[in-house]
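Let's walk through this protein together, beginning with a single residue and then stepping back to the whole. Please keep the sequence and the 3D view at hand.

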Amino acid sequence: QVPLVESGGGLVQPGGSLRLSCAGSSRYETMGWYRRAPGKERELVARISSGGNPAYGDSVKGRFTISRDNTKNTVALQMNSLKPEDTAVYYCNTYLPTRAWGQGTQVTVSS
């Protein structure tokens, strides 16, 4: 099975933007971006169907945009207007995750 590899994280100031990328996604399945903040459970923040229909958690709606390129088996997460509470390790996986988790990519929002 192709591993999931997340990239694009970093340190950004509040109000800034980052674009995350996930390689190794499945073009036939709904894919999701998840995050785990310190001391919290992993949560789903956005998902996108194989046909490209997105859905978002309330905490990121209007700020994050999920997209996918099925020709490259990649899924992206554009994150704008970042807040300190977005600080977390971000992961991608199938919706109702069935794949082995990758290492994730750290996003830190701080001034």
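Serine 49 counts as buried because its relative accessibility is 18%, where buried means under 20% relative accessible area, exposed means over 50%, and partly exposed lies in between (1.4 Å probe, protein chains only). You will find serine 49 in the loop between β5 (43-48) and β6 (54-56). Setting aside neighbours within four places in sequence, serine 49 is in contact with Thr30 and Arg68; contact here means heavy atoms within 4.5 Å.

A word on what you are looking at: this is a predicted model, in which local features need pLDDT of at least 70 and side-chain atom pairs count only at pLDDT 80 or more, while totals for chains, interfaces and linings use all residues. Residues are numbered from 1 along each chain as its sequence is written, and side-chain values use heavy atoms, with hydrogens and water left out.

Now for the strands. The protein has ten strands and zero helices; strands (E, at least two residues) and helices (H or I, at least four) are DSSP runs, numbered from the N terminus.

Which strands pair with β10? Strand β2 (residues 10-12) runs parallel to β10 and is joined to it by three bridges, with two strands counted as paired if DSSP finds at least two bridges between them. Here glycine 10 stands opposite valine 107 of β10. Strand β9 (residues 88-94) also pairs with β10 over three bridges, but in the antiparallel sense. In this pairing, glutamine 106 of β10 is the bridge partner of valine 89.

Finally, step back to the whole protein. Its C-alpha trace spans about 40 × 25 × 20 Å along the principal axes. The radius of gyration is 13 Å, which agrees with the value near 13 Å for a compact globule of 111 residues; the radius is taken over C-alpha atoms, and the globule rule is 2.2 Å times the number of residues to the power 0.38. Buried residues make up 41% of the 111 residues. Among contacts between residues at least 6 apart in sequence, 54% join residues at least 24 apart.
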